[in-house]
Amino acid sequence: MKIGLIDDGVCIDKELKKNVTFTGKIPKAGNVVIDEGNVSPYSHGTICAKIIVKQCTYAEICSLKILDDTLSASVNQLSCAITWCIETVSYTHLTLPTT
């Protein structure tokens, strides 16, 4: 089961290595690109991925990083992420910070 995770990225550690099948990001321009950048093992996206995998051990996590270091993203980034998930995965976990 493919699950899209729209958040601040996922750190692929030994606990998540077999479950994370895609890591991407959507820059302000609004196109999905492969993301092999450094993500904190304590990021919200990483914690969410671990919770999902704990409940569903066969889940395939497709991480889309849209939140920047200030935990903000544009409407365009969010729209592109949702569109990508509709076209690519069965389920989507979405985290939206508000101010």
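Here is a short chat about the sheet, the helices and a few side-chain pairs of this predicted model.

Residues are numbered from 1 along each chain as its sequence is written, and side-chain values use heavy atoms, leaving out hydrogens and water. Because the model is predicted, local features need pLDDT of at least 70 and side-chain atom pairs count only at pLDDT 80 or more, while totals for chains, interfaces and linings use all residues.

Reader: In what order do the five strands sit in the open sheet?

Author: Strands here are DSSP runs of E, at least two residues long, and helices are runs of H or I, at least four, both numbered from the N terminus. Two strands pair if DSSP finds at least two bridges between them. The edge strands, each pairing on one side only, are β3 (33–34) and β5 (91–94). With mixed pairing, the order is β3-β2-β4-β1-β5.

Reader: What angle does helix α2 make with β1?

Author: Helix α2 (residues 75–88) packs on the sheet and touches β1, β2, β4 and β5, contact being heavy atoms within 4.5 Å. Axes are lines fitted to C-alpha atoms, for helices over the stretch in contact, and angles between N-to-C directions run from 0 to 180 degrees. For α2 and β1, that gives about 175°.

Reader: Which residue forms an aromatic pair with F22?

Author: Rings of Phe, Tyr and Trp (its six-membered ring) pair if their centres lie within 6.5 Å; planes under 30 degrees apart are stacked, over 60 edge-to-face, the rest tilted. This pair is stacked, at 5.1 Å centre to centre and 25° between the planes. F22 lies in strand β2 and its partner in helix α2, so parts 62 residues apart in sequence are tied together. The partner is W84.

Reader: Which residues are linked with K50 in a network of salt bridges?

Author: A salt bridge needs a side-chain nitrogen of Lys or Arg within 4 Å of a carboxyl oxygen of Asp or Glu. K50 meets D13 with the closest N and O atoms 2.7 Å apart, and K50 lies in helix α1 while D13 is in the loop between β1 and β2, so the pair ties together parts 37 residues apart. K50 also meets E15 at 3.4 Å, N to O. The network links K50 with D13 and E15.
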